[in-house]
Amino acid sequence: MTLRLLFNEIRVGVKQICDRLGYPETEFDVSEASRPEFGDVSCNIGFLLAKALKKRPFDIAQTLAEEYKKKSKKYVLEVFAHDSGYLNFTANYSLFIPEVIHASLLLDYGKIDLGKNSRMVVEHTSVNPNKALHVGHVRNIIIGDTIARILHKASYDVSVLNYVDDSGLQVADIIVGFKYGGFSDKAPEGQKFDHYCGDVVYVKITERYETDKHLAELRSQVLKELEEGTSEIAKFGDEITRRVLDEQLKTCWRLGVTYDCLNFESQIVRSNLWSTAFEKMKSMGITELEKEGKNVGCWVIKAESEEDKVLVRSNGTATYVAKDIPYAAWKLGILEDPFYYKHYAVQKTGRVLWQTTLDNKETKLNFRGDMVITVIDSRQSRLQKIITKIMSDFKSKPDAYRHLGYESVTLSPETAKTLDLDTGGKSVQMSGRKGIYVSADYVLDVLGSRTFEEAKKRNPELDELNLVKISEQVAIGALRYAMIKQDLDKIITFDLTESLSLEGDTGPYIQYAYARSLRILEKAGREPNFKIHLDQLETVYEKNLVKVIASFDLQVEDAAKNLSPKVVAKYCYQLAVTFNAFYEHVKVLSAESESLTDARICLVYSFKETLGKALQLLGIAAPERM
RNA sequence: GGGCCUGUAGCUCAGCUUGGAUAGAGUGCUGGACUUCUAAUCCAGUGGUCAAGGGAUCGAAGCCCUUCGGGCCCGCCA
């Protein structure tokens with residue numbers, strides 16, 4: 001039993017009455033009432049029929065209410081028309097509460113069958129392997145990871161990919177640094193290798209290009225060798241990339257993010273994927289050879305009301321977009337899979353991480369999908385639009401390939417100042433090349449020491465090990481929640497000081513509610529007894545909590561259908577707020593009677609289970625103590 | 001010049017897809033609640049011509065049009 005059943009009962013009931021009365025068919029709305037005095041559920045049918053029936057909305061609602069009262073009802077207790085014209089309903093709580101609580105005990109509570117086990121690919125992270133992750137990357141990673149978790153809950157068979165651009169310009173930059181710039185390929189003591197590459201080598205060598213033209217030429221040479229993949233430089237590049245990647249993945253894993261497969265660009269380049277895709281595009285007339293104008297001799301894609309996009313240069317080499325096309329087609333299973341797969345690592349959750357290889361002694365596996373979601377920030381929208389169009393031509397299915405875009409993370413003027421940058425009161429775009437960023441590891445460390453102090457103050461009896469565990473969980477909860485709670489198309493202005501706030505609408509607030517509920521259950525000193533009469537739960541706080549618990553699957557559906565991770569974040573917050581109100585106003589362990597205590601223990605347990613599952617969707621740990 | 005996103009309380013944001021009841025949170029500020037199931041909490045107060053103008057509608061923060069402010073993208077770079 002969930003709210004969905006109550007809504008359905010009302011929808012069907014109202015529809016039957018309308019049919020019987022000969023009212024015209026309408027798509028009316030059944031939703032949660034916006035205020036307590038409006039009951040639990042509201043229906044707007046009065047407004048919709050007003051014109052056709054030439055009656056006031058209230059009169060229609062009134063008639064429907066009278067008719068509805070005569071019907072046999074299950075989860076509905078009362079029906080009444082409101083002066084405004086709404087048709088309102090109250091729930092039959094003596095039935096509703098026990099059924100919701102029992103339903104919430106199921107292991108897969110909240111699961112919906114939207115995906116019907118179809119194959120879904122989610123690609124995220126895809127950070128150039130020449131630097132450490134910064135908070136901008138974290139937004140990508142957390143959006144992608146959360147979407148993957150939500151889609152899994154919505155019964156999609158999800159594979160998560162991380163695209164490793166190991167043959168691009170950014171990698172070439174640090175290789176130049178190591179080979180020709182005099183930088184050691186060992187990080188100084190105490191510094192992670194990815195930080196060293198990004199903070200020092202990448203930034204410094206970029207500065208030097210300005211004055212040293214020879215260095216810039218060497219870069220082109222290195223880039224070419226990386227793509228060909230046979231030279232000594234290429235082997236060295238591969239080694240460096242993998243060392244950086246290892247360190248990046250440590251940060252991802254620390255954030256609770258796992259993957260199924262690493263796709264190396266160098267192997268895509270060396271496979272025949274590009275030429276196959278190119279031939280396909282030619283034969284489908286998607287791309288054409290330009291005969292005149294500024295792009296003469298290039299293969300281009302004509303776009304409506306926009307500039308033509310060059311796919312293949314007049315010298316025959318493929319451009320950046322072009323490289324993405326075969327990969328996108330591969331993800332959708334359009335082209336034959338040239339890859340084999342070998343173990344990369346076993347992740348903390350036990351999930352195996354694979355990597356592509358062209359070595360045919362390795363295994364054949366399937367990491368492709370009927371649908372593909374690519375998480376990249378919206379600065380890539382134009383290019384992604386082109387790819388989306390081509391994929392829909394290839395697959396002749398419009399939504400198979402989807403670009404999930406999001407706005408970037410900028411640094412607040414105050415935080416920019418900590419990097420010795422005066423932005424004149426404006427926020428600033430991060431840039432790895434210019435060294436303008438705040439790294440993910442740094443944020444987690446600062447947050448971690450802040451939460452450690454807090455946890456120690458509150459739990460002086462706990463040992464160091466436990467405190468570290470709690471503070472890490474809370475720090476990650478805070479960061480993940482901050483990255484997910486607002487809409488994808490809102491810019492996040494990251495402020496270091498503000499990110500340390502752990503109160504109000506934050507991850508720790510939600511985690512705290514969980515910890516509180518667990519303490520009640522611990523102190524109760526007995527297992528919840530679900531045979532007890534749960535209809536003793538009569539206060540508004542208890543009813544509200546049950547209602548929120550009952551809406552879990554509706555929220556999952558909303559989030560999955562709209563690819564909107566914040567929906568689940570809002571839901572967790574709502575659960576926590578409702579529980580905290582309950583906590584403050586309703587006593588569990590010192591209730592008026594033993595049996596009431598028992599009933600409330602069941603509710604608290606139900607809450608704990610539901611919040612735990614919802615937090616899992618956000619990848620936020622549910623701490624036992626805080 | 002073209003394309004995409006955005007503008008709601010001092011600040012940060014929900015609500016807009018699918019129009020409907022008195023526009024909600026957090027934070028800030030003011031005041032209150034810990035010998036109590038953890039105060040990372042709760043309660044009360046404060047705070048809004050929903051950027052501006054127009055249109056269609058019985059009804060607009062939401063839909064359409066125009067204008068203005070802010071951000072991003074538009075290379076035979078990646």
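This section describes the predicted model of chain A, from its overall dimensions to selected strands, helices and residues.

The model is predicted: local features need pLDDT of at least 70, side-chain atom pairs count only at pLDDT 80 or more, and totals for chains, interfaces and linings use all residues. Residues are numbered from 1 along each chain as its sequence is written, chains are lettered from A and ligands numbered from 1 in the order in which they are written, and side-chain values use heavy atoms, with hydrogens and water left out.

The C-alpha trace of chain A spans about 85 × 65 × 55 Å along its principal axes. Its secondary structure comprises 22 helices and 17 strands. Helices (H or I, at least four residues) and strands (E, at least two) are DSSP runs, numbered from the N terminus. Of the 626 residues in chain A, 55% are buried. Buried means under 20% relative accessible area, exposed means over 50%, and partly exposed lies in between (1.4 Å probe, protein chains only). Chain A exposes about 28000 Å², and carbon and sulfur atoms supply 50% of this area. Accessible areas come from the Shrake-Rupley method with a 1.4 Å probe; for residues, only the protein chains shown count as cover. Among contacts in chain A with a separation of 6 or more, 74% join residues 24 or more positions apart. Contact means heavy atoms within 4.5 Å.

The domain assignment divides chain A into domain 1 (3–91), domain 2 (119–259 + 330–410) and domain 3 (272–329). Such bounds come from an automatic or database domain assignment. The C-alpha centres of domain 1 and domain 3 are 56 Å apart.

Strands β8, β9 and β10 form an open sheet in the order β8-β9-β10, with antiparallel pairing. β8 (288–289) and β10 (309–312) each have a single partner strand and stand at the edges, so one side of each lacks a neighbour in the sheet. Two strands pair if DSSP finds at least two bridges between them. β8 and β9 (residues 299–301) are antiparallel and joined by two bridges. Here leucine 289 stands opposite tryptophan 299 of β9. The loop between β8 and β9 holds glycine 297. Glycine 297 is partly exposed, at 32% relative accessible area. Residues up to four places away in sequence aside, glycine 297 touches Leu289, Glu290, Arg313 and Ser314. Its C-alpha lies 8.9 Å from that of glycine 316, 19 residues away in sequence.

Five of the six residues in β12 are buried, leaving the strand mostly covered. β12 pairs with strand β7 (residues 261–264) in the parallel sense over two bridges. In this pairing, leucine 262 stands opposite glutamine 355. Strand β11 (residues 340–346) runs antiparallel to β12, and six bridges join them. Histidine 343 has tryptophan 354 of β12 as its bridge partner. β11 and β12 form a hairpin with five residues between them. Glycine 350, in the turn, has a positive phi of about 95°.

Helix α9 (residues 232–254) contains 23 residues. It reaches 34 Å from first to last C-alpha, close to the 33 Å expected at 1.5 Å a residue. The expected span is 1.5 Å times one less than the number of residues. Serine 231 caps the N-terminal end of α9, with a side-chain oxygen 3.4 Å from the backbone nitrogen of isoleucine 233.

Two buried residues in other helices were examined. Aspartate 553 is in helix α20 (residues 552–561). Its relative accessibility is 8%, so aspartate 553 counts as buried. The side chain of aspartate 553 makes polar contacts with the side chains of threonine 2 at 3.3 Å and arginine 4 at 3.0 Å. A polar contact is a pair of N or O atoms within 3.5 Å; within protein, one must be able to donate a hydrogen and the other to accept it, and residues adjacent in sequence count only if both atoms are side-chain atoms. Beyond four places in sequence, aspartate 553 touches Thr2, Arg4, Gly110 and Ile112. Threonine 597 is in helix α22 (residues 594–618). Threonine 597 is buried, with 1% relative accessible area. Its contacts, apart from neighbours within four places in sequence, are Arg526, Val588, Leu589 and Ala591.
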